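Hello,

Here is the structure I said I would pass on. My notes follow below it.

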Amino acid sequence: MTTETAQPPAARRFGGTAPDSTTGTPEYRTATTADDLLRQAGALPARRPSPAEAHAAQAHGALLIDIRGDDQRRAGGLILGAIPLPRNVLEWRCDPASPWRHPALTGPGQHIILICQEGFQSSLAAATLHRLGLVNATDLDGGFAAWAAAGLPVTPPESGRPGPGCSS
């Protein structure tokens, strides 16, 4: 019989270690609540721009990435020039070392502004991009809702169009 000290599949998959025998908590778990994660994301050095600041940054080369879901984009419209990248593939599409990196992402120093509906999900996503080495990643303060409320350029929502399977 061999005595192998392999890590459990979840620990291998997520880069952590096996649970501590006394607490049962994996070493990689440091936050205890979603609010803790948001506080940690808020402590990042990158400042969250207002909609007007993000619009100006976009005019000077910042990349705006819309991580809202398809339904939210259809209902609210799109920010002109923003790249829609679903949240569930964001890390692969932004990782400088990924073969699936979006072609608009040119390197770790690029200024990236993530946009979700209200600015919470994008804060967490920006923190993840920092862990990938994208040190100039941040998110829009107030999200798409704040951008639209500021009257900044948005494509019209797709309301009034028949949905899939409907006849026109």
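Buried means under 20% relative accessible area, exposed means over 50%, and partly exposed is in between (1.4 Å probe, protein chains only). This is a predicted model, in which local features need pLDDT of at least 70 and side-chain atom pairs count only at pLDDT 80 or more, while totals for chains, interfaces and linings use all residues. Residues are numbered from 1 along each chain as its sequence is written, and side-chain values use heavy atoms, with hydrogens and water left out.

Gly142 counts as partly exposed because its relative accessibility is 23%. Gly142 sits in the loop between β4 (137-139) and α7 (143-149); helices (H or I, at least four residues) and strands (E, at least two) are DSSP runs, numbered from the N terminus. Leaving aside neighbours within four places in sequence, Gly142 is in contact (heavy atoms within 4.5 Å) with Arg48, Gln117, Glu118 and Gly119. Gln117 is 25 residues from Gly142 in sequence, yet their C-alpha atoms are 7.7 Å apart.

His130 belongs to helix α6 and counts as buried because its relative accessibility is 15%.

A nonpolar core is a set of buried Ala, Val, Leu, Ile, Met, Phe, Trp, Tyr and Cys residues joined through side-chain atoms within 4.5 Å. The largest one has 16 residues, and those touching the most other members are Ile65, Ile67, Leu90, Cys94, Ile112, Leu114 and Leu129. Two or more residues each come from β1 (63-66), α5 (90-94), β3 (112-115) and α6 (121-131), with α6 giving the most, 3 residues. A second, separate core has 12 residues, among them Ala54 and Leu152.

Regards
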